[in-house]
Amino acid sequence: MIKFIFTNALRHVSSAAKSSAAHNIHFLQIHPFSSSLKSLQNPKIQHPFTVTYLIKSCGFSAEVAISASKRVNFESPKRPNSVLAFFKNNEFTKTQISNVIKKYPQLLISDPNKTLLPKIEFLKSKGVSAKDVARIMSTSAFAVRSLENLIIPSFNFCSNLLRSEEKTIAAIKRCAMLLSLDNLTHVTPNIEILREASVPNAHVISSFLKQPRPFMMRSNEFRQIVEDVEKMGFDPSKGSFLRAIHVLRAVSKSTWEKKVEVYKKWGWTKDEILVAFKLFPDCMRVSEDKINRVMDFAINQIGWESSVIARRPVLISLSFEKRILPRFAIYRVLSSKGIIKTKGISSTTLSISEKLFLEKFVMRYREEAPELLKLYKE
């Protein structure tokens with residue numbers, strides 16, 4: 001009986017190169033396509049040596065290499081080789097090296113010990129690991145920014161705001177752009193906008209630490225989002241106010257409208273959608289496929305009204321395979337044995353913590369149903 005229940009529930013889970021040249025560094029595996037090689041035969045291509053080098057040593061396509069060669073040109077591999085070796089020796093992956101050179105090909109003719117090493121040493125002196133240094137440099141403009149004029153002032157700005165170098169490093173790991181922009185120009189005005197809206201300073205600091213990117217928006221755009229959140233009736237003293245700002249920044253107007261249509265398809269009214277957004281703003285960031293799967297299961301398998309989800313929209317974000325399905329299956333087992341008498345599983349049962357669920361619905365009945373823990377883990 002138990003295996004049948006689990007099997008039946010599981011039906012609703014959807015199934016979810018080498019080239020070498022004597023004068024080049026070969027730590028990257030390169031597989032030029034014939035189309036790339038054919039493109040290089042075009043006599044109109046300027047700087048053919050540079051283009052060939054970028055393809056063979058940096059893994060670029062012919063199109064990207066030709067574009068990059070318009071910003072950098074060299075006739076000897078000596079300096080580019082030293083730059084690539086520098087990156088490799090500092091624990092950059094092949095992909096990270098390719099990404100950095102693709103964005104800033106001019107680095108190939110720089111002296112890495114003068115342009116890059118001081119920046120790397122600065123981050124390491126603050127406790128940033130070599131792995132995180134490589135990620136920061138490959139995902140932002142950090143490599144080409146001035147250490148004295150921008151990077152150090154930006155670090156100090158964040159450190160003063162967060163009152164901790166450790167927290168500053170955590171924020172930088174989440175958004176490397178913090179060290180690539182003038183924070184006095186970008187971040188400070190947006191913080192003032194939030195304070196004008198009566199958002200508690202503690203919430204502002206906490207939000208900046210956890211999700212710095214919205215604070216680097218253009219101030220006019222940021223102010224518009226803040227005003228939209230105010231019009232929706234969010235309380236600026238609550239954490240959901242800032243969460244709503246993050247969501248509206250991340251979700252385009254067209255995407256928002258698509259999500260609205262999906263929720264309407266399942267019976268939600270405009271008012272219910274707004275209420276759900278105010279209760280759990282991230283309900284508008286969940287994919288359309290996820291919304292449909294949860295709604296379908298909740299309505300057609302559990303037997304809930306769609307309004308149940310509207311009143312507890314956090315359920316939309318729960319893992320279907322790791323949370324909703326196994327908990328429902330456990331409930332079905334307990335119900336089939338007559339251990340619990342409730343008419344149906346409650347939304348609270350799906351949303352409570354893992355520890356509490358195990359205590360209330362698995363360990364509590366280990367004598368009556370000793371197989372539950374094994375089945376739940378499986």
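This is a predicted model: local features need pLDDT of at least 70, side-chain atom pairs count only at pLDDT 80 or more; totals for chains, interfaces and linings use all residues.
Residues are numbered from 1 along each chain as its sequence is written, and side-chain values use heavy atoms, with hydrogens and water left out.

Which residue does the side chain of Arg 223 meet in a salt bridge? The partner is Glu 196, at 3.4 Å from N to O, and a salt bridge here means a side-chain nitrogen of Lys or Arg within 4 Å of a carboxyl oxygen of Asp or Glu. Arg 223 lies in helix α14 (residues 219–231) and Glu 196 in helix α12 (residues 183–196), so this pair ties together parts that are 27 residues apart in sequence; helices are DSSP runs of H or I with at least four residues, numbered from the N terminus. Glu 196, with 55% relative accessibility, counts as exposed.

By this rule the structure has 8 salt bridges. Another of them joins the side chains of Lys 126 and Glu 165 at 3.1 Å, N to O. Lys 126 sits in the loop between α8 (117–125) and α9 (130–138), and Glu 165 in helix α11 (residues 165–174), so parts that are 39 residues apart in sequence are tied together by this pair. Lys 126 is partly exposed, at 22%, and Glu 165 is also partly exposed, at 37%.

In a further salt bridge, the side chain of Lys 173 meets that of Asp 132 at 3.3 Å, N to O. Since Lys 173 lies in helix α11 and Asp 132 in helix α9, the pair ties together parts that are 41 residues apart in sequence. Is Asp 132 buried or exposed? Asp 132 counts as buried, at 16% relative accessibility, whereas Lys 173 is partly exposed, at 33%. Asp 132 and Lys 173 also belong, with Arg 135, to a network of salt bridges.

Now to the aromatic rings. The structure holds 14 aromatic pairs, counted when ring centres of Phe, Tyr and Trp (its six-membered ring) lie within 6.5 Å, with planes under 30 degrees apart called stacked, over 60 edge-to-face and the rest tilted. In one of them, the rings of Phe 234 and Phe 277 have centres 5.5 Å apart and planes at 80 degrees, so the pair is edge-to-face. Phe 234, in the loop between α14 and α15 (239–250), is 43 residues apart from Phe 277, in helix α17 (residues 270–279), and the pair thus links distant parts of the chain. Tyr 263 and Trp 268 are both buried.

Finally, Phe 297, Phe 320, Phe 328 and Tyr 331 form one aromatic cluster. Among the residues that line the largest cavity are Phe 297 and Phe 320, a cavity being a set of points on a 1 Å grid over the protein atoms alone where a 1.4 Å probe fits but cannot get out, and lining residues having an atom within 4 Å of a point. Helix α18 (288–302) gives the most to this lining, with 4 residues.

Conventions. Helices (H or I, at least four residues) and strands (E, at least two) are DSSP runs, numbered from the N terminus. Buried means under 20% relative accessible area, exposed over 50%, partly exposed in between (1.4 Å probe, protein chains only). On a 1 Å grid over the protein atoms alone, a cavity is a set of points where a 1.4 Å probe fits but cannot get out, and a pocket is an open set with protein on both sides within 12 Å along at least five of seven lines; lining residues have an atom within 4 Å of a point.
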